[in-house]
Amino acid sequence: MLHLTDVETGKQIFSSKNEFRISALKFHPTDSNIFVCGGFSPEVKAWDIRTCKVTRVYKAAVQQTLDILFLTEGKEFLTSTDAVSRDSADRTIIAWDFQSAAKISNQIFHERYTCPSLALHPRESVFVAQTNGNYMALFSSQRPYRINKKKRYEGHKVEGFAVCCEFSPDGTLLVTGSSDGKVFFYNYHTARIIRTLSAHKEACVSAKFHPVLPSLLATCDWTGEIKIWQ
């Protein structure tokens with residue numbers, strides 16, 4: 001099911017039955033009436049909340065969409081998928097044209113690891129992909145989305161968990177959870193670990209900076225425990 005709720009009133013604006021279980025959903029960065037969702041299906045769908053209808057369908061030869069990332073201005077977006085068989089490592093990350101629903105590229109990441117999360121740099125034309133190889137890979141966010149082979153952010157552990165990563169609001173830090181319960185802070189420019197926090201007993205699956213107060217960080221673990229850090 002899809003449920004859209006008004007935050008101020010708490011009222012449900014619309015509910016809709018979807019054909020597949022949804023595991024990733026992102027609003028369009030410049031048009032707040034549009035969101036894109038994917039999950040346990042080869043399809044990713046764009047919905048318009050004014051009409052409560054699907055406006056576009058993006059189809060790929062995959063079984064599941066793990067994450068969705070809009071690039072600058074929302075003309076293009078990326079999906080990470082579960083496709084890592086011997087002949088399909090070229091579909092691990094797919095770039096799409098938002099308007100036409102055409103695939104721009106599926107020759108982005110050739111390592112045989114799934115990427116449970118993607119994060120866009122706030123100021124530079126790059127994005128990172130969290131990988132199940134226990135490292136984060138850096139890519140250009142402009143065509144042809146080349147990987148930066150000189151930089152790799154490693155030291156944390158993913159080990160099959162859907163571990164999220166994020167840049168700090170000023171873009172100088174890259175933060176990620178870790179399957180051992182720690183939070184790792186990397187220097188974006190040097191890829192070195194600046195510090196770690198022993199945040200949780202279970203796998204830490206998300207770490208997010210506060211959008212206005214960058215000294216505040218929220219973390220959560222696999223069991224649902226949430227902590228706020230100064």
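Predicted model: local features only at pLDDT ≥ 70, side-chain atom pairs only at ≥ 80, totals over all residues.

Reader: Thanks! How do β11 and β12 pair?
Author: β11 and β12 run antiparallel and share 4 bridges. Strands here are DSSP runs of E, at least two residues, numbered from the N terminus, and two strands pair if DSSP finds at least two bridges between them. β11 and β12 also make a hairpin, with 5 residues between them.

Reader: And what about β12 and β13?
Author: β12 and β13 are antiparallel too, over 6 bridges. Ala-129 has Ala-137 in β13 as its bridge partner. They form a hairpin with 3 residues between them, and Asn-134 in the turn has a positive phi of about 65°.

Reader: How many residues of β12 are buried?
Author: In β12 (residues 126-131), 6 of its 6 residues are buried. Buried means under 20% relative accessible area, exposed means over 50%, and partly exposed is in between, using a 1.4 Å probe and protein chains only.

Reader: Which way do the residues of β12 point?
Author: Val-126, Val-128 and Gln-130 point one way, and Phe-127, Ala-129 and Thr-131 point the other way. In a regular strand the side chains alternate between the two faces of the sheet.

Reader: Which sheet do these strands belong to?
Author: An open sheet of 4 strands, in the order β11-β12-β13-β14, with antiparallel pairing. Its edge strands are β11 (117-120) and β14 (147-154), and each pairs on one side only. From one strand to the next the twist averages 25°; the axes are lines fitted to C-alpha atoms, and angles run from 0 to 180 degrees between N-to-C directions. Between β13 (residues 135-140) and β14 there are 4 bridges, and Met-136 has Tyr-153 in β14 as its bridge partner.

Reader: What is the strand order in the sheet that has β3 in it?
Author: The order is β3-β4-β5-β6, an open antiparallel sheet of 4 strands. β3 and β6 (53-59) are at the edges with a single partner strand each, so one side of each has no neighbour in the sheet. Strand β5 (residues 43-48) pairs with β6 over 6 bridges, and Val-44 has Tyr-58 in β6 as its bridge partner.

Reader: Changing topic: how many salt bridges are there?
Author: The count is 7 salt bridges. The rule asks for a side-chain nitrogen of Lys or Arg within 4 Å of a carboxyl oxygen of Asp or Glu. One of them joins Lys-26 and Asp-67, at 3.3 Å from N to O. Lys-26 lies in strand β3 (residues 22-27) and Asp-67 in strand β7 (residues 65-70), so this pair ties together parts that are 41 residues apart in sequence.

Reader: Is Asp-67 buried or exposed?
Author: Asp-67 is buried, at 11% relative accessibility, and Lys-26 is partly exposed, at 29%.

Reader: Which residue forms a salt bridge with Lys-208?
Author: That is Glu-166, with the closest N and O atoms 3.9 Å apart. Lys-208 is in strand β19 (residues 204-209) and Glu-166 in strand β15 (residues 165-167), so the pair links parts that are 42 residues apart in sequence.

Reader: What about open space, how much lies in the largest pocket?
Author: About 620 Å³ lies in the largest pocket. On a 1 Å grid over the protein atoms alone, a pocket is an open set of points with protein on both sides within 12 Å along at least five of seven lines, a cavity is a set of points where a 1.4 Å probe fits but cannot get out, and lining residues have an atom within 4 Å of a point. Grid points are joined across faces, edges and corners, and a volume is the space filled by probe spheres set on the points.

Reader: Which residues are closest to the centre of the largest pocket?
Author: Of the 27 lining residues, the closest to its centre are Lys-26, Leu-69, Leu-118, Glu-166 and Lys-208. The largest share of the lining, 5 residues, comes from β3.

Key. Residues numbered from 1 in each chain as written. Heavy atoms only, no water.
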